[in-house]
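Please look over the sequence and the structure shown here before reading on.

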Amino acid sequence: MKTLIIIDVQNDFIPGGALAVPGGDEIVEVINRLQEKFELIIATQDWHPQGHSSFAESHPGKKEFEKIQWKGQEQVLWPVHCVQETIGANFHPNLEMSRVEAIFRKGTNPDIDSYSGFYDNAHLKSTGLGGYLKEKGSTEIYFCGLAAEYCVYFSILDALQEGFETILIEDATRALDEEDFENAKKNILAKGGKIVMSKDL
Ligand code: VGL
Ligand code: ZN
């Protein structure tokens, strides 16, 4: 069954938001239009408690976008973003949500970041998304949303590892950094994922 997963299309990742992805607003209409091609639509939502360990302000003396070692993992320190119950954590107001059957929240554990919609960054805890998709009979899973080389990419890697046929819709995502996204795309293809454009769906 063809399934669409919309990753983190939230105000804070849109230009004007706290962790804006360039061109992030341009994908909203693309995602709205392509929904009719899918039988099952799921969304993820970055949903951090205040003072989350991925925020630079939680590490005095450290700067935004600096990388640190944290609990045995490399962690990029982000501006405060997607704090639970704030407007920045809301889905973009123009994003069509009427057919979204379930929302998987992630990043709720204060001590660990969670880019993927499936697992936290240390792969310690599942969100249940993989089991949900299997129960629903999902086979081909298409990914779109923000940011391309973070939450979209890491969700794709986990989907591939879970054995799903995994496809990135390239014009329905935007990256923070183009070079990092190029590397991410190479790795997706190397691991057996596919990359398509929305017009080819
Ligand atoms: C994301 C950085 C921090 C994302 C979430 O949705 O790509 N990136 N939290
Ligand atoms: Zn986050």
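The sections below describe the zinc site, then the cysteines, then the cavity and the pockets.

## Basis of the report

This is a predicted model, in which local features need pLDDT of at least 70 and side-chain atom pairs count only at pLDDT 80 or more, while totals for chains, interfaces and linings use all residues. Residues are numbered from 1 along each chain as its sequence is written, chains are lettered from A and ligands numbered from 1 in the order in which they are written, and side-chain values use heavy atoms, with hydrogens and water left out.

## The zinc site

D46 (OD), H48 (NE2) and H81 (NE2) coordinate the zinc ion (ligand 2) at 2.0 to 2.2 Å; donors are N, O and S atoms within 2.8 Å of the metal (3.2 Å for Na, K and Ca), and because water is not among the atoms, sites may look incomplete. Along the chain these donors follow the spacing D-x1-H-x32-H. D46, in strand β2 (residues 40-46), and H81, in the loop between β4 (73-76) and β5 (100-106), are 35 residues apart and link distant parts of the chain; strands (E, at least two residues) and helices (H or I, at least four) are DSSP runs, numbered from the N terminus.

D46 is buried, at a relative accessible area of 3%, and H81 is buried with a value of 3%, where buried means under 20% relative accessible area, exposed over 50% and partly exposed in between (1.4 Å probe, protein chains only).

## The cysteines

A disulfide is counted for a pair of cysteine sulfur atoms within 2.5 Å, and by this rule there are zero disulfides. The sulfur of C82 has its closest cysteine sulfur in C151, 8.6 Å away, which is too far for a bond. C82 is buried at 0% relative accessibility, and C151 is buried at 7%.

## Cavity and pockets

On a 1 Å grid over the protein atoms alone, a cavity is a set of points where a 1.4 Å probe fits but cannot get out, and a pocket is an open set with protein on both sides within 12 Å along at least five of seven lines, lining residues having an atom within 4 Å of a point. The largest cavity is lined by 15 residues, with F13, L19, Y115, Y150 and C151 nearest its centre.

The largest pocket has 21 lining residues, of which Y115, N121, Y153, F154 and L157 lie nearest its centre. Helix α3 gives the most to this lining, with eight residues, and β4, α3 (148-161) and α4 (178-190) each supply at least two.
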